[in-house]
Amino acid sequence: MMIGESGTSHTGDKHYYYKCAGAKRKLGCKKKSVKKDFIERAAVILTVNRVLRDEEISRIADSILALQAGEDTTIPALKKQLADTERGIENILNAIQQGVLTSSTKERLEALEKQRDNLKIAVLQAELQKPKYTKEQIVSWIGQFKYGDVNSREYQKRIIDTFVNSLYLFDDRLVITYNFKGGTETITLKDVEAVYGSDLKAMSPPLKNA
């Protein structure tokens, strides 16, 4: 696990890094520290370029729709009760039209009508408490993250807080796990350097003078 660390250069500027906890406690780990700005900016750029693509957003939206449908059991159960109640009312009305009308028939009809009204209110309340989102709404919400300044700390925080579950940093690659099924991306640090123009030698803190 890597933890935050800061240092001040000879010019007085403060720099921030991620450092292996084992290395910090001198437990033998040789993992080099990396600049906080570099690693977080790289994670944001990779997320925007690799995850926030139209086809990937569509796939994520489909997964959310399936999850949304699968975990909701209350509303379907209420709607089934409502449908059964309405069928009961319709059967009684048909019987009345055929001349079958007794005091018990009238009482049963009134009870079903009251039950129907209560079920309609229950369905409405459940839908308000747990609204259903359409695919278009989900795509639109995720799509808002596509555009922003990757150098903005606020934008970086929004992207990381929303999409990134964890980030594993090896000597030669980054592995980013996202907050959705199958959401793992691996990219070599050489590719990061080639694509985003980062100087890998500048990732680590400057050597201290003896």
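## The hairpin

Strands β1 and β2 form a hairpin, with 5 residues between them. In the turn, glycine 12 has a positive phi of about 95°. The model is predicted.

Strand β1 covers residues 2–8 and strand β2 covers residues 14–20. The two pair in the antiparallel sense, over 7 bridges. Within this pairing, serine 6 of the chain stands opposite tyrosine 16 in β2.

## The open sheet

Strand β2 is also joined to strand β3, residues 34–35. Here there are 2 bridges, and the strands run antiparallel. Tyrosine 18 has valine 34 in β3 as its bridge partner.

Together, 3 strands make an open sheet. The order is β1-β2-β3, with antiparallel pairing. Strands β1 and β3 are the edge strands, since each pairs on one side only.

## Around isoleucine 142

Helix α6 spans residues 135–143 and contains isoleucine 142. Is this isoleucine 142 buried or exposed? Isoleucine 142 has a relative accessible area of 3%. Buried means under 20%, so isoleucine 142 counts as buried.

Which residues does isoleucine 142 touch, not counting those up to four places away in sequence? The contacts are Leu52, Ile57, Ile60, Ile64 and Phe163. Take isoleucine 57 from that list. Isoleucine 57 and isoleucine 142 are 85 residues apart in sequence. In space, their C-alpha to C-alpha distance is 6.9 Å.

Technical notes
Residues numbered from 1 in each chain as written. Predicted model: local features only at pLDDT ≥ 70, side-chain atom pairs only at ≥ 80, totals over all residues. Heavy atoms only, no water. Pairing = 2+ DSSP bridges. Helix = DSSP H or I, 4+ residues; strand = E, 2+ residues; numbered from the N terminus. Buried < 20%, exposed > 50% of the residue type's maximum accessible area, 1.4 Å probe, protein only. Contact = heavy atoms within 4.5 Å.
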